[in-house]
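Subject: Structure for you to look at

Hello,

Here is the structure I said I would pass on.

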Amino acid sequence: MSKGRRANSDIVTFLQNFDIAEYQEKARWLDRRFVLHVGPTNSGKTYDALQALKKAKIGVYLGPLRLLALEMFDTLNAAGALCELLTGEEFIRVPGAQLTASTIELCDYRKRYDVAVIDEAQMIADPHRGGNWTKTIFLVDAAEVHICLSPDAEQLICRIIEGFDGQYEIQRHERLAPLVYTGRMESMNEVKDGDAVIVFSRRSVLQTAGELQQMGKKASVIYGALPPASRREEVRKFASGENTVVVSTDAIGMGISLPIRRIIFREVTKFDGEDDRILNGSEIRQIAGRAGRYGIYDRGEVLAMEKPETVEEALRRTGRPLQVVTIPFPKEAVDTDFTFWRLFDEWQRLPGVSGFSREDMTEAMFLLKELGEKIARQLPRQLLYELITCPMDIKNERLVLYWLESVIAISVGAEPEVPIFDTDTLEGCELQYKALDVRHQLLRRIGIEDPRMEEKQELCDKINQFLLEDKRTLRRRCSRCGRSLPADWPWGICDRCYGGHRRKRGSGQGGFSGKRGSGQGGKRNKRRNSRRRRRR
């Protein structure tokens, strides 16, 4: 066998040592009892798990989002159970606290807990982040482990625990406020207080909020690029009644508890990074489940303006059981002599194991390639791994460039420069906030805490102001004279301009051909809107 083939064989052998059997063996040594809280959205499963955490002397909450961790941090402290907050963005210390609310990536496997709560465990099947749930279920060291999950993940989680001979009980939860499909909505004029309108681009969120504001309804907005503090402020405004409706992307589907009466799908098509696609049933149910708040509304209602038959069918069916567990990439690989590129490449190529998939390392491979071999060799292996697995939006070229410049600075022993992006626009403020987040993540990896929270708060205040202005700017207006148009006006110009052009046309001065909104102009607008959705 040639030297190259033997080396590849050695890598494969090494990586195969970290299949699920390795985790099962480690899990058997831990003394734990599991409680599975199984139920749909808004069924109180996380609430019940928190009751056990409140009684613990030492405990941890582990969730998928900073917003969820922050919500639990507030809830526990308000109940007198002192709790600290630990996320990739910040660490809030509370004197005397023995509880921690954390994002799941920061789970401490060296610590022994009385109670650990693992939330949204159905994410174990996610190819990018699911490995964190796999590792935590196998290795978190707690006398009592409470796992909150949707019904479609029950068989999968039970199979995992049975695989290492763990003991568990199941507590089933039903929705406290039933969820019903109540038909098609024809017009935005039918939106009422307490409603949440769902669209799938940042621009559509702001446009729709502007339309509603034009109709006299103040709207909170929620979308993925909105910084957590700004999102929290939008949530507060709606929960307090300062705003009466919500306009959101699918970011509302997880980690946000709001008193929503009705979910209205204005759109059910989203751009997934490559093409427009219709939401699958699981995504529709996750979003729809936010309707109905026990103690406020007797039931949650779901309506649709686009493809109502798709929404109705999704709500009528139950989700298919999840079949695949994501195996995390082994950090033990850092201590080998194999290059990361070869490790990642072979990891991606390994044949699948029935019921298991491997963590997708595509983003780490992308950042490693951007960094280049020369700079990568200047960094200690452990640090290099931490830097290329820094969570960030790799689709944003300017953010990737800032990450690259920062890592180059670290490679020569310097601190990354503070990012300076144009903050005269909403998009610029959001980019600056993301870049500050990247800087904080990178500094933490070299042992420096510098979250620049004051600057982030100033950015959030500026973003909140921009949101108010953008809602006004993005109201529908006549393309000829700029006059405001009703939210459901079917054409691009007002009656006055249309009438004027009809008169000109009749006098031989040109004008429109055909019906309003038809012809090549309409087709061009449709293509332009499609391109805009893709860019967003």
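Cys-390 is buried, at a relative accessible area of 4%; buried means under 20% relative accessible area, exposed over 50% and partly exposed in between, with a 1.4 Å probe and protein chains only. Cys-83 is buried as well, with a value of 0%. A disulfide is a covalent bond between the sulfur atoms of two cysteines. Searching the whole structure for disulfides, taken as pairs of cysteine sulfur atoms within 2.5 Å, gives zero.

Before the rest, some notes on the source. This is a predicted model, in which local features need pLDDT of at least 70 and side-chain atom pairs count only at pLDDT 80 or more, while totals for chains, interfaces and linings use all residues. Residues are numbered from 1 along each chain as its sequence is written, and side-chain values use heavy atoms, with hydrogens and water left out.

The chain as a whole

The protein chain has 536 residues, and 49% of them count as buried. It holds 19 helices and 18 strands; these are DSSP runs numbered from the N terminus, with helices being H or I of at least four residues and strands being E of at least two. Contact means heavy atoms within 4.5 Å. Among contacts between residues at least 6 apart in sequence, 72% join residues at least 24 apart.

Helix 14 and its surroundings

Which residues of helix 14 are buried? In this helix, residues 381–388, they are Leu-383, Leu-384, Tyr-385, Leu-387 and Ile-388. These buried residues pack against helix 11 (340–349), helix 12 (362–371), helix 13 (373–377), helix 15 (397–411) and helix 16 (426–445).

Two packed helices are described by the angle between their axes and the distance between the axes. The axes here are lines fitted to C-alpha atoms, for helices over the stretch in contact, and the angles run from 0 to 180 degrees between N-to-C directions. Angles under 35 degrees count as roughly parallel, over 145 as roughly antiparallel, 65 to 115 as roughly perpendicular and the rest as oblique.

For helix 11 and helix 14, the axes come within 12 Å and cross at roughly 55°. That makes helix 11 oblique to helix 14. Helix 11 contributes Phe-340, Leu-343 and Phe-344 to the contact, and helix 14 contributes Arg-381, Leu-384, Tyr-385 and Ile-388. Six of the contact residues are nonpolar, none is polar and one is charged. In this division, Ala, Val, Leu, Ile, Met, Phe, Trp, Tyr, Cys and Pro count as nonpolar, Asp, Glu, Lys and Arg as charged, and the others, Gly among them, as polar.

Trp-341 is also in helix 11. This residue is partly exposed, with a relative accessible area of 40%. Apart from residues up to four places away in sequence, Trp-341 touches Met-365, Leu-368 and Lys-369.

Helix 15 and helix 16 pack at an angle of about 30°, and their axes are 10 Å apart. The two are therefore roughly parallel to each other. On the helix 15 side the contact is made by Arg-398, Leu-399, Tyr-402, Trp-403, Ser-406, Val-407 and Ile-410, and on the helix 16 side by Leu-431, Lys-434, Ala-435, Val-438, Arg-439 and Leu-442. The contact residues divide into nine nonpolar, one polar and three charged.

The axes of helix 2 (residues 20–28) and helix 5 (residues 130–139) come within 8 Å and cross at roughly 30°. Helix 2 and helix 5 are therefore roughly parallel too. Their contact involves Ile-20, Tyr-23, Gln-24, Lys-26 and Ala-27 of helix 2, with Thr-134, Lys-135, Phe-138 and Leu-139 of helix 5. Five of these residues are nonpolar, two polar and two charged.

Residues in loops

Glu-359 lies in the loop between strand 18 (356–358) and helix 12. Is it buried or exposed? Glu-359 is buried, with a relative accessible area of 17%. Leaving aside neighbours within four places in sequence, the contacts of Glu-359 include Pro-127, His-128, Thr-326 and Trp-347. The C-alpha atoms of Glu-359 and Thr-326 are separated by 5.8 Å, although the residues are 33 apart along the chain.

Asp-165 is in the loop between helix 6 (154–163) and strand 8 (167–172). Its phi is positive, about 60°, although Asp-165 is not a glycine. At 55% relative accessibility, Asp-165 counts as exposed.

Regards
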